[in-house]
Amino acid sequence: MSERGVFAVDRGIWDHPSFANEPLTEREAWVWLIAEASFKARTKRIGSVVLELQRRQVAASLRFMAGKWQWSEPRVRRFLKRLKSDAMIDASTDAGITVITLCNYDKYQKVSLPRDAGSDAQTGAAATQQRRKEESTKSTEGSSELRSAPPSASAPVYTDSRHELWGEGAPILISLGVGEKQARSMIGSWLKSTKDDAQAVLGAIQRARDHRVHNPIPWITNALRGLQNERSGTVFANSNSSQSGSAAVIAGVAAATDRRARERSAAGQQRQVPDDADPAERDDPELFGAGAGAAAHR
């Protein structure tokens, strides 16, 4: 690779709705390998095989990579062989699983900034910030000491409210314990249910973060449902019906959802909800009958 510096690429680029689902170029396949590489030592299970991966390693079958890249398996094999001969990777295959080690991974993760660069803007997602610090650390394999990465030059620039929702909403959900794939699936469902009201969806996600909601998906779903009901003129038949404005509706739904989560946690089992209970407690925790996306199986 060149010595002209590097730039950060969000891993969400592979699932972004603005881009067509089409075969990857060789450059994109290389970027995919960098994005998939472990930024610290971890355990990964593929089928019945449990692997101990070190920083800068990727583990996947040729079939899995061929599916992700939309290539044939022979083409994947030839591409990896060429990268290995060019000293860009090292690779070994056992039991159908290929472990790929990126030779200059630390160079690809070290982001240099101008001396007069400004301070980093707040992202609102503690988990994302920590991951960026760890990934930007220059370390040798096996070292446990991490050094914080330099701050970004400026805040993210968003072209519209949908762009901001995908850029900010997904990291917040991940910081609340939601898997990345499920987070993106639910954002798409919420956009559909609110008729593409990206600002309302992002606002609900941010309120879930501010309230440190234990179970964010049903909380946000009910908050958006309450907002939609209010807009359509529907009134909840409960003690809070005398309140007005979206803040009252959302606050009532949030309180009911949080109370239900605490009671289930204390009792260790789901309790029976009576017919005259608060409507927020009778709501299906899934989005209007749509299930959340399952984690990808590799």
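The questions and answers below go through a predicted model.

Reader: Which residues of the largest nonpolar core touch the most other members?
Author: In general, nonpolar side chains of soluble globular proteins tend to be buried together. The largest nonpolar core here has 27 residues. Elements that give two or more residues to this core include α1, β3 (57–60), α2 (62–69) and α3 (73–85). The members that touch the most others are L33, M65, W69 and L80.

Reader: With which residues is M65 in contact, leaving aside its neighbours within four places in sequence?
Author: M65 is one of the core residues that touch the most other members. Setting aside the neighbours within four places in sequence, the contacts of M65 are W32, L33, A60, V76, L80 and I100.

Reader: Is A8 buried or exposed?
Author: A8 is found in the segment before α1. A residue counts as exposed when its relative accessible area is over 50%. The relative accessibility of A8 is 68%, so A8 is exposed.

Reader: How far apart in space are A8 and Q109, C-alpha to C-alpha?
Author: Along the sequence, 101 residues separate A8 and Q109. In space, the C-alpha to C-alpha distance of A8 and Q109 is 8.0 Å.

Reader: How many salt bridges does a search of the whole structure find?
Author: In general, side chains of opposite charge can pair when their charged atoms come close. A search of the whole structure finds salt bridges numbering six.

Reader: Which helices hold R82 and E26?
Author: R82 is partly exposed at 36% relative accessible area, and E26 is partly exposed at 39%. The pair ties together parts 56 residues apart in sequence, because R82 lies in helix α3 and E26 in helix α1.

Reader: What is the N to O distance in the salt bridge of R63 and E73?
Author: R63 lies in helix α2 and E73 in helix α3, so this pair ties together parts that are ten residues apart in sequence. R63 counts as exposed at 65% relative accessibility, while E73 is partly exposed at 29%. Their N to O distance is 3.8 Å.

Reader: In which helix do E180 and R184 both lie?
Author: The side chains of E180 and R184 meet in a salt bridge of 3.7 Å, N to O. E180 is partly exposed at 29% relative accessible area, whereas R184 counts as buried at 13%. The two residues are four residues apart, about one turn of the helix, and both lie in α7.

Reader: Is S38 buried or exposed?
Author: S38 sits in the loop between α1 and β1 (42–46). Beyond its neighbours within four places in sequence, S38 is in contact with residues including L53, R55 and Y105. A residue under 20% relative accessible area counts as buried. At 2% relative accessibility, S38 is therefore buried.

Reader: What covers the buried residues of α8?
Author: Helix α8 covers residues 198–210 and reaches 18 Å from its first C-alpha to its last. Its buried residues include V201, L202 and I205. The cover over the buried residues of α8 includes α6 (161–175), α7 and α9 (216–231).

Reader: Which residue just after α8 takes a positive phi?
Author: Helix α8 has 13 residues. Just after α8 there is a positive phi of about 50°, taken by R212.

Reader: What distance separates the C-alpha atoms of D90 and Q57?
Author: D90 lies in strand β4 and is partly exposed, with a relative accessible area of 43%. Q57 is 33 residues from D90 along the chain. The C-alpha atoms of D90 and Q57 are separated by 9.4 Å.

Conventions
Residues numbered from 1 in each chain as written. Predicted model: local features only at pLDDT ≥ 70, side-chain atom pairs only at ≥ 80, totals over all residues. Heavy atoms only, no water. Core = buried A, V, L, I, M, F, W, Y, C linked by side-chain atoms within 4.5 Å. Buried < 20%, exposed > 50% of the residue type's maximum accessible area, 1.4 Å probe, protein only. Contact = heavy atoms within 4.5 Å. Salt bridge = Lys/Arg side-chain N within 4 Å of Asp/Glu carboxyl O. Expected span 1.5 Å × (residues − 1).
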